[in-house]
Amino acid sequence: MTTLLISQTRTQPPTGQRPRVARLVVGLVTGAMLVYSVVTAQLHGDIRYVLACLRSGEAVGISPSDTFTHRPYFYRWFLYCLDQLSTGPTAVREAVLRGAGVLLCLAAGLALRTALRRRLPGREADLAAGAVALVLALAPRTDFLQPEWTAALLSVFAVAVVLAGVRPLPAAALAAVPLGLAVMMKYSTAAIALVALLAVFAADRMRALLLAAATAVSSVLLLGFSLWSGSREWQWVRDMPQINQGSLSRQGVRPGELFARSVDFLADRAVLSPVLLLLPAALLLLLACQDDRRRRTEWAVLAAAGAAVGLGAVVVQGNWFAYHAAALPVGAAALWGLAVARWYGVRGRVPLGLLAVSGVVAVLAPLYSTAPQGLQRSAVVWGAGVVALGTAFLDVRHPAGGGSGFRVPAAVVGVGLVAVAVWPSSPNLMNRGEVRETNAAYLRDSERRADAAAETRRQLPDGALVQYLAFGHEAYYIGHPSPCRYPIPTFLQRTRYLPDVRTLDSYAENARCLDEHPPRYAVLDRGWFPPGRIDPALARRIEARYDCPQAPAEEFVVCRLR
């Protein structure tokens, strides 16, 4: 048995060519959302951190292979290559990066559509692939271009390749390249590759097993290449986990706390990506379309395993950053699109209840940030998910007839549901159900940082080398290179939380940047890099080297070599 996706019984819906006006409506709505996302692009601070490091290294002749960015080898090269496409002012460069990312998402969606059309009816392949492409292209700022997002994108390509190939073995061997690269994006992204393998298993068991074996080989080879090519890659592979304050290796396993944090995290993630809120409802409809009980059980187990693996990667890292679960909305969008199309194919109509609640969620999600704080709670978000599930249950228990003309609203609702993430009033940062920052607030904060950086640049000679004692945002906007292969002193800064970091090889190498040909200028952010709270010996070395004027903690200053 190879194909497990296609239902055994199917009621043929009314036939007929989709009106051209319908395609025009869907195309215009989709195109408008994609253009808006590119034009209003502002990258997340983590991406700016990596870009600042890579640009600094390039300016002083240090390869991305040997520049520390707190990210593994292949991710550094991925972002470096994208950055080579852009030039000019910051706004233009960020728009180009966003546009390039969107094009990659559309290419992944087209590849997935081609592969799914070999195994599914055209409607199901189109809606599922389209939902995946758009949820990636219109991902929240906190996700876009992050290692987890990139791993999800590569995994979509891998699924498309392995399912599209005529012969299983060559298809698996070819698909193992993008899936192996997905593993290499951050190493913890192996969880995302595993979710992709579960998706392939739902379609073709043999190809899934072949792909798993081939990916194990490709991952080892890619890791070996990165260790060979990067002079310090093995050192960084060993040292990077040690600067993660929240990892399970440091915090230990506390089941009650992990469960409570997981509940809050999933609620926060569902506010950022409302399609995740509808995952149980979409899965219920999909299972209801399958007459074979054994296959229903298989699908339910695979879906639960995929969600558990995705959440497990978040728990292990321990930081509870939203982008650590960037793959979960991708799976939710695929299930939503497949469920809507499958229901239409089996019942001859769209699931009106699911579409109605999806539309309501798409409208209300941007307004969540304006709700009273008493309503900004994880329990409220979970309650909305229960309502969505109940609505889908009504679809199953009380099917209505007709409805063949609702295909356009279904597509428009789907676009609106994933486009919520780019609205100005939508949340950009969540904490246990409460909105801490909206997209509009993030843009204002970026403008403030850019203005502060412009003032700092006026105090620096053109082209002057700088020792940054500040986070990536500042280095990104200031734009002066650092002669150190650790442009952002992350290892040094971590001693304010983790004193044992000073025993690491990377810490010692980072600290030597203060002694071996230090640049004439340093930029200090006392809020992120407080000299009074880092390792005392390090603070004395900095004070001996640089004369830093006093300033409030929220400001950063230019220090001069003594």
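Student: Which residues of helix 6 meet helix 8, and what counts as meeting?

Tutor: Glu148, Ala151, Ala152, Ser155, Val159, Val162 and Leu163 meet Ile192, Ala193, Ala196, Val200 and Ala203 of helix 8. Contact means heavy atoms within 4.5 Å. By class, this contact has 10 nonpolar, one polar and one charged residues. Nonpolar covers Ala, Val, Leu, Ile, Met, Phe, Trp, Tyr, Cys and Pro; charged covers Asp, Glu, Lys and Arg; the others, Gly among them, are polar. So Ser155 counts as polar and Glu148 as charged.

Student: What are these values based on?

Tutor: This is a predicted model: local features need pLDDT of at least 70, side-chain atom pairs need 80 or more, and totals for chains, interfaces and linings use all residues. Residues are numbered from 1 along each chain as its sequence is written, and side-chain values use heavy atoms, without hydrogens and water.

Student: Why is helix 6 called roughly parallel to helix 8?

Tutor: Helix 6 (residues 147-164) and helix 8 (residues 190-203) pack at about 25 degrees, with axes 9 Å apart. Angles under 35 degrees count as roughly parallel, over 145 as roughly antiparallel, 65 to 115 as roughly perpendicular, the rest as oblique. The angle is about 25 degrees, so helix 6 is roughly parallel to helix 8. Their crossing is right-handed: the near helix is turned clockwise from the far one by less than a right angle.

Student: What makes strand 1 and strand 2 a pair?

Tutor: Two strands pair if DSSP finds at least two bridges between them. Strand 1 (residues 427-431) and strand 2 (residues 434-438) have four bridges, in the antiparallel sense. Therefore they meet the rule. Leu429 has Glu437 as its bridge partner, and Met430 has Val435. The hairpin has two residues between the strands, and Arg432 takes a positive phi near 55 degrees there.

Student: Why is Ser426 called buried?

Tutor: Buried means under 20% relative accessible area, exposed over 50%, partly exposed in between (1.4 Å probe, protein chains only). Ser426 has 2%, so it is buried. Ser426 lies in the loop between helix 18 (407-419) and strand 1. Leaving out residues up to four places away in sequence, Ser426 touches Pro366, Val420, Ala421, Thr438 and Asn439.

Student: Where do His70 and His517 fall on that scale, and why?

Tutor: His70 has a relative accessible area of 22%, so it is partly exposed. His517 has 74%, so it is exposed. His70 sits in the loop between helix 2 (45-59) and helix 3 (73-83). His517 is in the loop between helix 22 (505-512) and strand 4 (521-525). Phi is positive in each: near 65 degrees for His70 and about 55 degrees for His517.

Student: What makes strand 3 and strand 5 edge strands?

Tutor: Four strands form an open sheet in the order 3-4-6-5, with mixed pairing. Strand 3 (466-469) and strand 5 (546-547) each pair on one side only.

Student: How many bridges join strand 5 to strand 6?

Tutor: Two bridges join strand 5 to strand 6 (residues 556-561), and the two strands run antiparallel. In strand 6, Arg560 is the bridge partner of Asp547.

How values were computed: Axes fitted to C-alpha atoms, helices over the stretch in contact; angles between N-to-C directions.
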